[in-house]
Amino acid sequence: MNREEKQALVDELSEKFQSHNAFYIADASGMSVAKINDFRRLCFNRGMEFKVYKNSFIRKALDTLGGDTSEMDAALKGQSGVLFSKESGNAPAKLLKDFYKAQAYPRGVEPKPALKGAFIDASIFIGANQLEGLTTIKGKQELLGELIGLLQSPAKNVISALSSGGNKLAGILKTLSEKEEAAG
């Protein structure tokens, strides 16, 4: 591979990092071709992509993100594959857990592909021990939805109270006016 081809690969990876709000770095070493193909198929079915890159290419592409990504260096050892997700930041973590469950790994055996690091909305998570926490993390869209729901709730309650109170008030006024007419 010549220098131009390497640079084109780094540019492609940089574009993917820019266009995906979440990506995970995983170690798939020791997996059979069949298992890797099963994992890629699962990724494809859930709208994600898994591709193996050289660590040096990943490092160069991370440098184009802006900000300090030096924490990710701990994840760039050994064989590295990148799992891209345009959806929420927890989707790849859930995918990994589902894949592990389907493979039924025996106790004491490290499941593969093993999570090495994750980059979610400019936050960095390092190590396989982060997987459980990453499955519960909420994406930007989920948080915005909850916030809008919280903001709408008090307004709906006020409108509901006013409209129901208005009906009661109108009923009372009508009854009073009828009494006055009957008395007069």
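User: How many salt bridges does a search of the whole structure find?
Analyst: This is a predicted model, in which local features need pLDDT of at least 70 and side-chain atom pairs count only at pLDDT 80 or more, while totals for chains, interfaces and linings use all residues. Residues are numbered from 1 along each chain as its sequence is written, and side-chain values use heavy atoms, with hydrogens and water left out. With a salt bridge taken as a side-chain nitrogen of Lys or Arg within 4 Å of a carboxyl oxygen of Asp or Glu, the number found in the whole structure is 9.

User: Is K16, which meets E12 in a salt bridge, buried or exposed?
Analyst: The side chains of E12 and K16 meet at 3.8 Å, N to O, and both residues lie in helix α1, 4 residues apart, about one turn of the helix (helices are DSSP runs of H or I, at least four residues, and strands are runs of E, at least two, numbered from the N terminus). Buried means under 20% relative accessible area, exposed over 50%, and partly exposed in between, using a 1.4 Å probe and protein chains only. E12 is partly exposed at 29%, whereas K16, with a relative accessible area of 14%, is buried.

User: Which residue forms a salt bridge with R46?
Analyst: The closest N and O atoms of the pair R46 and D98 are 2.8 Å apart. This pair links distant parts of the chain, 52 residues apart, with R46 in the loop between α2 (33-45) and β2 (48-53) and its partner in helix α4 (residues 91-103).
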